[in-house]
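Subject: Structure for your review

Hello,

I am handing over the structure we discussed. Please look through it alongside the notes that follow.

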Amino acid sequence: MKWSEMESENETLRKSPSSCKVAVIGAGAAGLVAARELIREGHDVILFEQTESVGGVWVYDPEIEDDDLLGIRKARKRVHSSMYASLRTNLPREIMGYTDFPFLPKEGRDGRRFPGHAEVAAYLEDFAEFYGILNYVQFCTVVEYVGVCKKGNKISWNVRTRRRDETEGGKEEVFDAVVVCNGHYSEPKLAEVPGISKWPGVQLHSHNYREPGSFTDKIVVVIGNAASGEDISREIARVAKEVHISGRTWSSNVDFSEPIGDHGNIWRHTMIECTCEDGTVKFKSGGSVSADIIMHCTGYFYYFPFLDTQGEVGVDDNCVGPLYQHVFPPSLAPSIGFVGLPWKVVPFQLCELQSRWIAMALSGKISLPSPQEMMNLVQDFYAKLEASGKTKRLAHNLATSQYEYDNWLSDQTGSAPVETWRIKIYEATSRNKRHNPETYRDVWPDEDLHYQAFALLEQIDLSARL
């Protein structure tokens, strides 16, 4: 199809104010705020959720995929949540919540500044109840197929769903638009390790980690030194004999010769060179260890098994694209949008702004560039990424550019820019975590900012936000 034809197909939806019938897939943090923004814009919304509750990945499930601890087989028993029992947020609650629904402590609940997963799940449920979103949710509903249908100048989406307890039958509906919010923490990504197929020990992905008991007196190698790798390593070090963290990148001042941690039994290493049939794990910088367990804390793949865009959207090197500003496929915009793909971000606020942009684009309150202009911008983005020496798998890693992105979305939607205090708290937390990884959740140098933020958040009138 020519770009001029694509532009013609989407012209009506891009420019004409309208109320659309919209399917939102997933009732986690992204899906809930997407539904809220779409409802505010007057759209007809159905929110599909495969479990029996809202909250997505924040809903703890003690079950694991015990038939496939690495998550390799497509036909395995599937558990959506990747939460482990002791997990606490790595962001303070005052910057973690949605901008107009403060994540403040409630009496009788976990009031810590860095609360546990149950408190986040409760907050999301509070949000859904407050805005009446539960009335729009179809629980225990599996989305099996979402396919684009192009007829003349109109794009629509065929959506097939079934009840979770049914294996046959189901329901088919046609929607004007789809918002994809199915998360990206359930399809494990594994490290490529030479010799691993013959290594005799136990392997698992952190997706299937819940509690440290099974690591008692074991020698454990953890692959990955990002947030989950660091946190899980420190937890299992309380019971394990030794924990060895293998990381792709370390700061220049890391001393690999000295153990760390409260128990002095965590060692840091470069990447694994190979594993051997006798149980040995060798590291590229030298040294080896005879290990009992290897845990892959190596992240996740973006995964949309239900989605059929006729080749317009794909996943290449774990980059979803082509997407204009991480949200819209140029040739299908705004009839489909993705919420929550970026990582190394403060996610709830970002999802809120992305959702507002989608909702306003669908209603015609804002206009998007033409498909050709959007594609040119996407290609420019990929070219700059390559020129900087980064691979496509880092396309959605915003990190230090996240607030520039948030403020761009704010400008598009007429929203207020990110408050300076939020940025200061994020930066202070990042510094504290780097310098004090064991204690940063409970001892903070930015108490003045903390109390300033709470004072501001407590002034928000929720009755005016309905």
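Predicted model: local features only at pLDDT ≥ 70, side-chain atom pairs only at ≥ 80, totals over all residues.

E49 sits in the loop that runs between β2 (44-48) and α3 (93-96). What is the nearest side chain of opposite charge to E49, and how far away is it? That side chain is R164, at 6.8 Å. A salt bridge here would require a side-chain nitrogen of Lys or Arg within 4 Å of a carboxyl oxygen. E49 has no salt bridge, although it is buried. Leaving out residues up to four places away in sequence, E49 touches G26, A27 and G28, as well as V137, Q138, F139, C140 and T141.

β18 covers 319-321 and β19 covers 336-338. Which peptide bonds are cis here? One joins G321 and P322, with omega at about 0°. P322 itself is in the loop between the two strands. Another runs from A333 to P334, where omega is near -5°. P334 is found in the loop between β18 and β19 as well.

H326 also has its place in the loop between β18 and β19. Its phi is near 65°, a positive value in a residue other than glycine. Is H326 buried or exposed? H326 counts as buried, because its relative accessibility is 8%, and the cut-off for buried is under 20%.

N318 lies in the loop between β17 (314-316) and β18. N318 is not a glycine, yet it has a positive phi of about 60°. At 9% relative accessibility, N318 counts as buried.

G337 is in strand β19. With a relative accessible area of 0%, G337 is buried. Its contacts, not counting residues up to four places away in sequence, are V178, V179, V180, V327, F328 and I358.

Now for the chain as a whole. The protein's secondary structure comes to ten helices and 19 strands. Along the principal axes, its C-alpha atoms fill a box of roughly 65 × 50 × 50 Å. How does the radius of gyration stand against that of a compact globule with 466 residues? The protein has 23 Å, and a compact globule of that length would have a value near 23 Å, so the two agree.

Of the 466 residues, 52% are buried. Among contacts in the protein with a separation of 6 or more, 66% are between residues 24 or more positions apart.

On charge, the protein carries 50 positive and 65 negative side chains. The centres of these two sets lie 2 Å apart.

To recap the points to open in a viewer: buried E49 without a salt bridge, the cis bond between G321 and P322, the cis bond from A333 to P334, and the positive phi values of N318 and H326.

Regards

Notes. Residues numbered from 1 in each chain as written. Heavy atoms only, no water. Helix = DSSP H or I, 4+ residues; strand = E, 2+ residues; numbered from the N terminus. Rg over C-alpha atoms; globule rule 2.2 N^0.38 Å. Buried < 20%, exposed > 50% of the residue type's maximum accessible area, 1.4 Å probe, protein only. Contact = heavy atoms within 4.5 Å. Lys, Arg positive; Asp, Glu negative; His and termini not counted. Charge placed at Lys NZ, Arg CZ, Asp CG, Glu CD.
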